[in-house]
There are 2 protein chains.
Amino acid sequence: MTGATKRARARRGEGELLRAEIMAAAEKLLIKTGDEGAVSIRAIADAAGVTPPSIYLHFADKTELLAAVCEARFQDFDRYLEEAARGVDDPLEALRARGRAYVRFGLENPEHYRILFMTRPGAERPQRELDQLPGMTAFSHLVEDVARAMDAGLLSAGDPFLVATGLWSTVHGITSLLIARPDFPWPDHDRLLDHMLGVAIRGLEPPA
Amino acid sequence: MTGATKRARARRGEGELLRAEIMAAAEKLLIKTGDEGAVSIRAIADAAGVTPPSIYLHFADKTELLAAVCEARFQDFDRYLEEAARGVDDPLEALRARGRAYVRFGLENPEHYRILFMTRPGAERPQRELDQLPGMTAFSHLVEDVARAMDAGLLSAGDPFLVATGLWSTVHGITSLLIARPDFPWPDHDRLLDHMLGVAIRGLEPPA
DNA sequence: CCGCTAACTTATCGGGGTTAAGCTAGCGGA
DNA sequence: TCCGCTAGCTTAACCCCGATAAGTTAGCGG
């Protein structure tokens, strides 16, 4: 099954064009099949109208390709969360909006989410600089928001990094479980999420 | 690299012996390598002193084998959690102990945990009966504990199933993130976990 | 001693990631 | 105009994988 017509060779100096076309083909396959396993080097090459070894002219190996695809998608992540929190005055409501957006984004891009946040980075992926980690700017914004809420006295004072890490773990927990175990008899997703966000924020509020 | 000496054929009527030996070999490989990808049918067969097709006399396919291995390990799960909660009088402290034990078990069996709770069940694994899901008895015990704490007035009244699901998501969140993203600059694990359990329980307590 | 069958093995298929080596279009220069 | 060089690919191959069809062998019942 040859997917695309054979691609014409790029002109001199435009070899990088193929890189983008490979990523686009991989992205399309990843979304269409929703299964990392179905996104093979051969299938990607076929969809891009190219032979498999061509891919290695632009990516060291398959994991690097998939990482590039997922990270590209997750560059929208921070923007998406900021958008959701924008215009929400109450800092606690902003945190809630951010959490809801996080889960929504994960469920709308389940395979990207799975690859980035639910698989162990093999020994191949070297230790990356902290601020290079995908989603790190989004996390920084979360820490800032938590700190703001603490300063405003809406959350009890404490370590903003610790609290933000806990909130991240919480929204990741529900996101990843919904992705990994769709067969579980989940309560209504919004009801569960609102419950969890309510519990988390109530647990963080200063004692009355 | 031939791993084990060639295994002697089982005697008549004892064919089931091989099933256990295959699972033992797979379990050993899974723990030693810590990588599902390294646990190939061929490697398992080699370690068991058998040829690859023999495995298919006892398991329909590879996922069934790995599922059997992981579920066997997780039969200890419920016992492990109950043990941790036993003898703790305060129901809230019992919940805490249960949560801590959950995370500990996951981190002690990361690859088992990953396979069972961090991968999408493919279309191959059919919808299982609810009470056949691995870890389901452990979850039932959690629901009961939550209901008891509500009855005792230690948690505000509500839907025990919803609350238990939220607690599960919370401990799963920290467990799975610690497994999937060891490169993140985590706070001390115990500190983070205690913080999260504290927040969750405080958020569930009846208003003072 | 024969035959049946449980408990395997041999041989093979199609597909995967990856690499070494070859080909070719087209630009720079003479 | 033609040559050579090299960017941008392809051809061919290797070794691994999961899985299956068909064959073999050991040992018990008669």
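The model is a predicted one, so local features are taken only at pLDDT of at least 70 and side-chain atom pairs only at pLDDT 80 or more, while totals for chains, interfaces and linings use all residues. Residues are numbered from 1 along each chain as its sequence is written, with chains lettered from A and ligands numbered from 1 in the order in which they are written.

Chain A has 9 helices and 0 strands, where helices (H or I, at least four residues) and strands (E, at least two) are DSSP runs numbered from the N terminus. Read along the sequence, that gives the pattern α-α-α-α-α-α-α-α-α. The C-alpha trace of chain A spans about 70 × 40 × 35 Å along its principal axes. Of the 208 residues in chain A, 35% are buried; a residue is called buried if 20 or more other C-beta atoms lie within 10 Å of its own, exposed if 12 or fewer, and partly exposed in between, with C-beta atoms placed from the backbone. Contacts are residue pairs whose C-beta atoms, placed from the backbone, lie within 7 Å. Among those in chain A that join residues at least 6 apart in sequence, 63% link residues at least 24 apart.

Helix α7(A) makes a handy case to look at in detail. With 16 residues at 1.5 Å a residue, α7(A) should span 22 Å, and its end C-alpha atoms sit 23 Å apart, which agrees; the expected span is 1.5 Å times one less than the number of residues. Buried in α7(A) are Ala138(A), Phe139(A), Leu142(A), Asp145(A), Val146(A) and Ala149(A). Viewed down the axis of α7(A), these buried residues fall within an arc of 115 degrees, so they line one face of the helix; the arc is that of the directions from the helix axis to the C-beta atoms. Over on the other side of α7(A), Glu144(A) and Asp151(A) are exposed. The cover for the buried residues of α7(A) includes α4 (62-85), α5 (91-108) and α8 of chain A. Just past the helix, Gly153(A) adopts a positive phi of about 80 degrees.

Within α7 (residues 136-151) of chain A sits Phe139(A), which is buried because 21 other C-beta atoms lie within 10 Å. Neighbours within four places in sequence aside, Phe139(A) is in contact with Ala164(A) and Trp168(A). Asp78(A) is 61 residues away from Phe139(A) in sequence, yet the two are 8.3 Å apart from C-alpha to C-alpha.

Ile201(B) counts as buried because it has 20 C-beta neighbours inside 10 Å. Not counting residues up to four places away in sequence, Ile201(B) touches Leu92(B), Leu95(B) and Arg96(B). Its C-alpha atom is 7.9 Å from that of Leu155(B), 46 residues apart along the chain.

On to the pairing of the chains. The contact between them takes 31 residues from chain A and 31 residues from chain B. On the chain A side, α8 (160-180) and α9 (189-204) are the elements that give two or more residues, and α8(A) has the largest share, 12 residues. By class, that side has 17 nonpolar, 11 polar and 3 charged residues; Ala, Val, Leu, Ile, Met, Phe, Trp, Tyr, Cys and Pro count as nonpolar, Asp, Glu, Lys and Arg as charged, and the others, Gly among them, as polar.

The same surface serves both copies, as 100% of the contact residues of chain A recur in chain B.

Two or more residues each come from α2 (41-48) and α3 of chain A and from α3 of chain B. The largest share of the surface near DNA strand C, 3 residues, belongs to α2(A). Around DNA strand D there are also 24 residues, and Gly15(A), Ser40(B), Ile41(B), Pro53(B) and Asp61(B) come nearest. Here α2(B) gives the most, with 3 residues. The surface near DNA strand D divides into 10 nonpolar, 5 polar and 9 charged residues.

Methods. Two residues are in contact if their C-beta atoms, placed from the backbone, lie within 7 Å. A residue is near a molecule or strand if its C-beta atom, placed from the backbone, lies within 6 Å of it.
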